[in-house]
Amino acid sequence: MRTGILPIALIALAGSAQGQSIEMLGSLGGSGSIARDINDLGQIVGESLLAGDAVAHATIWNNGIASDLGGLSAGDNSVAWAINNLGVAVGSNDLSTGERTAALFQAGSVTNLGATIGSQGNSVAWDINDAGVVVGQAPINPGFAKGFVWDPTNGAQAAGTIPGYMGGANKAINNSGTIVGHSFFFGDPDNATLATPDGRGGYDAFSIGPAGFNVSFATAISDSGIVVGHTNGGGAGGPTGGWQAVIYEPDGQGGTNYVPLGFLDGLSISEATDVNDDGLVVGFGLDGDGLGILPRAFAWHNGVMTDLNDLLTPDSDFVNLTQATGVNAHGDIVGFGETRSGELAGFVIKGFVPAPGTGVLLAAAGLIASRRRRDNH
């Protein structure tokens, strides 16, 4: 699931438009970088290539300066997928055995979290909240990987995947302990899932995806409880049967409203990757029609989807911003894009200013009209 890094000539500043600069993130001596997440302190994590471009390590950027988060052994590839507001990061590490293991990056050390939780195969840690609770996916019981929850006090448990489902993943957790992700049963599409603490040390997990044979994923949740992801059901199917970025609105009674976020011009698929408490959603669009159109990063706010490539100027060193992967409380957006030399680099847009409200009422009216309520499961 990890995007590879291609060589890149490192340049500090890509350009600006409308007063919003796009800063390129340097590497660890190699020729490429990818940003995955940003916390409220402005610390960014992801991955970048070491000198020689043979190995990529989990990376943290502080004030634009890249530092190596390391790997479990020399030559291991690693990536940091998320960082909390205490500067603790989680992700994964590829072992020499070929297995991928969940990893915790803290205070200059790397912990093999897959071994700690007793994973019996590949594992990934996708997110961590400010209380240090980590969520991800791992086969900590025999069978397919399922959602797991771990913290240093209570240890690990298989939780977050809907009971009776064969597998799943916990993709995000907020500071209230609410988890979102997806669950699947053999032969059925993935189903967006929400899990809440049950007050007894466990979690109650249930579907928030559309009923029927529909694909749905929940990828992020804000501290205020805004859930985003993508689905092809609930009135959000794309024009060619693809999926669309949505806000999930569980009604607390077994149903969910779906707010479709739309598509970028020329692209028929969209996915939401992160959201902040102000409802600023980031993600990317894809060409579902096979027309050869490049993926593009977007930001969505109050009914308006902005193509982040509109911020590029003629003298920018980026030719395409491919994905927006994270957003913090201040509206700082991170992701990665393609440079003029045809390779990838991480970027950060600090203090993104959403588009003016022109057309917002019309857009909102369209969203309300297109909402669908899921039948009870």
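This report walks through the core, surface patches, salt bridges, backbone and contacts of a predicted model.

## Nonpolar core

The largest nonpolar core holds 18 residues. Seven positions touch the most other members: Ile 22, Leu 308, Phe 318, Leu 321, Ile 333, Ile 349 and Phe 352. Strand S27 gives the most, with 4 residues.

Such grouping has a general background. In soluble globular proteins, nonpolar side chains tend to be buried together.

## Salt bridges

The whole structure contains 5 salt bridges. Side chains of opposite charge can pair when their charged atoms come close.

Asp 307 and Arg 296 meet through their side chains, at 2.6 Å from N to O. This pair links distant parts of the chain. Asp 307 sits in strand S26 and Arg 296 in strand S25, 11 residues apart. Asp 307 has a relative accessible area of 10%, so this residue counts as buried. Arg 296 is buried too, because its relative accessible area is 14%, under the 20% cut-off.

Asp 94 pairs with Arg 100, and their closest N and O atoms are 2.6 Å apart. Arg 100 is partly exposed, with a relative accessible area of 22%. Asp 198 forms a salt bridge with Arg 200, where the closest N and O atoms lie 3.3 Å apart. Arg 200 reaches 67% relative accessibility, so this arginine counts as exposed.

## Charged surface patch

Four aspartates gather in a patch of negative charge on the surface: Asp 40, Asp 223, Asp 277 and Asp 278. Asp 278 belongs to the loop between strand S23 (269-275) and strand S24 (281-286). Its relative accessibility is 56%, so Asp 278 is classed as exposed.

Gly 279 lies in the loop between S23 and S24. This glycine is buried, because its relative accessible area is 13%. Its C-alpha atom is 6.3 Å from that of His 301, a residue 22 positions away along the chain.

## Nonpolar surface patch

Three phenylalanines form a nonpolar patch on the surface: Phe 144, Phe 185 and Phe 186. Together they have about 340 Å² of accessible area.

Phe 186 is found in the loop between strand S16 (179-184) and strand S17 (191-197). At 63% relative accessibility, Phe 186 is exposed, above the 50% cut-off.

## Positive phi angles

Most residues other than glycine have a negative phi.

Asn 63 has a phi near 55°, a positive value in a residue other than glycine. Its loop runs between strand S5 (56-62) and S6. With a relative accessible area of 76%, Asn 63 is exposed.

Asn 302 has a positive phi as well, near 50°. Asn 302 sits in the loop between S25 and strand S26 (304-307). This asparagine is partly exposed, at 48% relative accessibility.

## Contacts across the sequence

Some residues separated along the chain can be compared by their C-alpha distances. Ala 66 and Ser 27 are 39 residues apart in sequence, yet their C-alpha atoms are 6.2 Å apart in space. Ala 66 belongs to strand S6 (residues 65-70). Ala 66 is partly exposed because its relative accessibility is 21%.

Gly 237 and Pro 260 are 23 residues apart along the chain, with 8.9 Å between their C-alpha atoms. Gly 237 is found in the loop between strand S20 (227-231) and strand S21 (244-250). This glycine has a relative accessible area of 35%, so Gly 237 is partly exposed.

Definitions and conventions: Residues are numbered from 1 along each chain as its sequence is written. This is a predicted model: local features need pLDDT of at least 70, side-chain atom pairs count only at pLDDT 80 or more; totals for chains, interfaces and linings use all residues. Side-chain values use heavy atoms; hydrogens and water are left out. A nonpolar core is a set of buried Ala, Val, Leu, Ile, Met, Phe, Trp, Tyr and Cys residues joined through side-chain atoms within 4.5 Å. Buried means under 20% relative accessible area, exposed over 50%, partly exposed in between (1.4 Å probe, protein chains only). Helices (H or I, at least four residues) and strands (E, at least two) are DSSP runs, numbered from the N terminus. Patches are made of residues with over 30% relative accessible area and no salt bridge: like charges are joined within 9 Å, nonpolar side chains (Val, Leu, Ile, Met, Phe, Trp, Tyr) within 5 Å. Accessible areas come from the Shrake-Rupley method with a 1.4 Å probe; for residues, only the protein chains shown count as cover. Lys and Arg count as positive and Asp and Glu as negative; His and the chain ends are not counted. The place of a charge is taken as NZ of Lys, CZ of Arg, CG of Asp or CD of Glu.
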